[in-house]
Amino acid sequence: MFGADEDGTHVGETKGHTHQISCLYFREEYIYSGSVDGDVRVWHVDEDSCVAQLEGHTGSVWSVTANHEFILSAASDLEIRIWSNHLDDGDRFECLKVVRRGHAKTVRAIEYLGLSEFVTGGADGRVLMWS
């Protein structure tokens, strides 16, 4: 796809975040982005459009991941947010839960372990598993 001696071809661009983008996650035809502006955005790849802006974090979003049902975000406000991921249901998104316990410093990484379990890593040097 990309050769080491060849330039890549710019095929599209999206605009929306007001500050630097700190993380990206790709799933099917969607890109999930987190930013220093505190927002998570969901982009449709083929349409080069933002289908959702998820607001609520009061600090930089450092990690985002998603499955067919939920979006998880982790931020410097020490919060983990769980959002609905209803891409096939009229593009409805809402914050279902905010986890404010666990890490003593910025939550820097988040990833699914299975359908209902996930793991986080923080600037406090801890890895925590959640159910």
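**Reading an all-strand chain**

Mentor: From the N terminus on, the elements of this chain run β-β-β-β-β-β-β-β-β-β-β, where strands are DSSP runs of E with at least two residues, and helices are DSSP runs of H or I with at least four, numbered from the N terminus. This is a predicted model, in which local features need pLDDT of at least 70 and side-chain atom pairs count only at pLDDT 80 or more, while totals for chains, interfaces and linings use all residues. Residues are numbered from 1 along each chain as its sequence is written, and side-chain values use heavy atoms, with hydrogens and water left out.

Trainee: How many helices and strands does the chain have?

Mentor: The chain has 0 helices and 11 strands.

Trainee: Which strands does β10 pair with?

Mentor: Two strands pair if DSSP finds at least two bridges between them. Here β10 (residues 118-122) runs antiparallel to β9 (residues 107-112), joined by 5 bridges, and Ala109 has Gly121 in β10 as its bridge partner. On the other hand, 4 bridges join β10 to β11 (residues 127-130), also in the antiparallel sense, with Val119 bridged to Met129 in β11.

Trainee: What lies between the strands of each hairpin?

Mentor: The hairpin of β9 and β10 has 5 residues between its strands, and that of β10 and β11 has 4, with Gly125 in the turn showing a positive phi of about 80°.

Trainee: Are the faces of β10 covered or uncovered?

Mentor: In a regular strand the side chains alternate between the two faces of the sheet. A residue is buried under 20% relative accessible area, exposed over 50% and partly exposed in between, using a 1.4 Å probe and protein chains only. In β10, Phe118, Thr120 and Gly122 on one side and Val119 and Gly121 on the other are all buried; since 5 of the 5 residues of β10 are buried, the strand is largely enclosed by the rest of the structure.

Trainee: What does the side chain of Thr120 make a polar contact with?

Mentor: A polar contact is a pair of N or O atoms within 3.5 Å; within protein, one must be able to donate a hydrogen and the other to accept it, and residues adjacent in sequence count only if both atoms are side-chain atoms. Thr120, buried at 2% relative accessibility, makes such a contact with the side chain of His103 (2.8 Å). Leaving aside neighbours within four places in sequence, Thr120 is in contact (heavy atoms within 4.5 Å) with residues including Ile80, Val107 and Trp130.
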